[in-house]
Amino acid sequence: MGHASRLTTLAMLIAAAFALASLERVFPNPFPMVRLGLGNIMTIAAFVILGVSGGVWVSVGRVVLVALLWGGLFSPSAVLSAAGGAASLAVMVPLLLSGRFSLYGISMGGAYAHVAGQLAVASLLYVRSTGLLYLVPVMGTAAILTGVFNAWVASKLATVFRNQESGISRNTKAV
């Protein structure tokens, strides 16, 4: 993949992550404090398509864009989103680099870390109580389920992308 193609793909994945995260905020949520984390689908897909740096850029780009549009760069929701994103990356990147985990394992680990990171920061900065940490097992279970779903969608997306790219390469060589 050339530099321009890589940059274009990265921009598209960040835009898609932002759109999915924004879409998730618009629809009513039947379960308070639980989200599917649809934007993370693009982070997982970026890990497959562009490698570790692509996934990190998509995650950071999504967090910044969502914060700018939906609540301010230093609002509590932006701080919690950044904490969750950082915790998620702190788990997903080593899992990915180890080469021992499937996309599902990486996604589930990232989703669980995201919830744990958000609850830890909320406990320290906003609630000033460790009581929120009792929610980690319940919310972590929901995060694992959403991690499975996100990994499944990301793997399908990455497969489609690779098939498209190999088709473009074949057509370019034939010309």
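Leaving aside neighbours within four places in sequence, which residues is Phe18 in contact with? In this predicted model, the residues in contact with Phe18 are Arg62, Leu65, Val66 and Leu69. Phe18 itself belongs to helix α1, which covers residues 3-26. Its relative accessible area is 22%, so Phe18 is partly exposed. Phe18 and Val64 are 46 residues apart along the chain, yet their C-alpha atoms are separated by 9.2 Å.

**Helix pairs**

Two packed helices are described by the angle between their axes and the distance between the axes. Helix α1 packs with helix α2, residues 39-50, at an angle of about 160°, and the two axes are 7 Å apart. α1 is therefore roughly antiparallel to α2, since angles over 145 degrees count as roughly antiparallel. On the α1 side the residues that meet α2 are Arg6, Thr9, Leu10, Leu13, Ala16, Ala17, Leu20, Ala21 and Glu24. On the α2 side they are Gly39, Met42, Ala46, Ile49 and Leu50.

The second pair is α3 (52-70) and α4 (76-98). The axes of α3 and α4 come within 10 Å and cross at roughly 170°, so α3 and α4 are roughly antiparallel to each other. From α3, the contact is made by Val52, Gly55, Val56, Ser59, Val63 and Ala67. From α4, the contributing residues are Ala78, Ser81, Ala82, Gly85, Leu89, Val93, Leu96 and Leu97.

Thr43 is found in helix α2. With a relative accessible area of 0%, Thr43 is buried, because buried means under 20%. Apart from neighbours within four places in sequence, Thr43 touches Gly55, Val58, Ser59, Arg62 and Met92. Two of these names, Gly55 and Ser59, come up again in the contact of α3 with α4. Arg62 is also among the residues in contact with Phe18.

Asn150 has its place in helix α6, which spans 136-174. Asn150 counts as buried, at 3% relative accessibility. Leaving aside neighbours within four places in sequence, Asn150 is in contact with Leu36, Gly37, Leu38, Asn40, Ile41 and Ser107.

**Loops and surface**

Leu73 lies in the loop between α3 and α4. Leu73 is partly exposed, with a relative accessible area of 40%. Together with Val60, Val64, Leu65, Leu68 and Phe74, Leu73 forms a nonpolar patch on the surface. The accessible area of the patch is about 560 Å² in total. Leu65, a member of this patch, is one of the residues in contact with Phe18.

Ser102 sits in the loop between α4 and α5 and counts as partly exposed at 42% relative accessibility. Ser102 and Phe47 are 55 residues apart in sequence, and their C-alpha atoms are 12 Å apart in space.

Arg128 is found in the loop between α5 (103-127) and α6. Arg128 is not a glycine, but has a positive phi of about 55°. At 68% relative accessibility, Arg128 counts as exposed, because exposed means over 50%.

The accessibility values for the residues discussed are collected here.

| Residue | Relative accessible area | Class |
|---|---|---|
| Phe18 | 22% | partly exposed |
| Thr43 | 0% | buried |
| Leu73 | 40% | partly exposed |
| Ser102 | 42% | partly exposed |
| Arg128 | 68% | exposed |
| Asn150 | 3% | buried |

Note on methods
Residues are numbered from 1 along each chain as its sequence is written. This is a predicted model: local features need pLDDT of at least 70, side-chain atom pairs count only at pLDDT 80 or more; totals for chains, interfaces and linings use all residues. Side-chain values use heavy atoms; hydrogens and water are left out. Patches are made of residues with over 30% relative accessible area and no salt bridge: like charges are joined within 9 Å, nonpolar side chains (Val, Leu, Ile, Met, Phe, Trp, Tyr) within 5 Å. Accessible areas come from the Shrake-Rupley method with a 1.4 Å probe; for residues, only the protein chains shown count as cover. A salt bridge is a side-chain nitrogen of Lys or Arg within 4 Å of a carboxyl oxygen of Asp or Glu. Helices (H or I, at least four residues) and strands (E, at least two) are DSSP runs, numbered from the N terminus. Buried means under 20% relative accessible area, exposed over 50%, partly exposed in between (1.4 Å probe, protein chains only). Axes are lines fitted to C-alpha atoms, for helices over the stretch in contact, and angles run from 0 to 180 degrees between N-to-C directions. Angles under 35 degrees count as roughly parallel, over 145 as roughly antiparallel, 65 to 115 as roughly perpendicular and the rest as oblique. Contact means heavy atoms within 4.5 Å.
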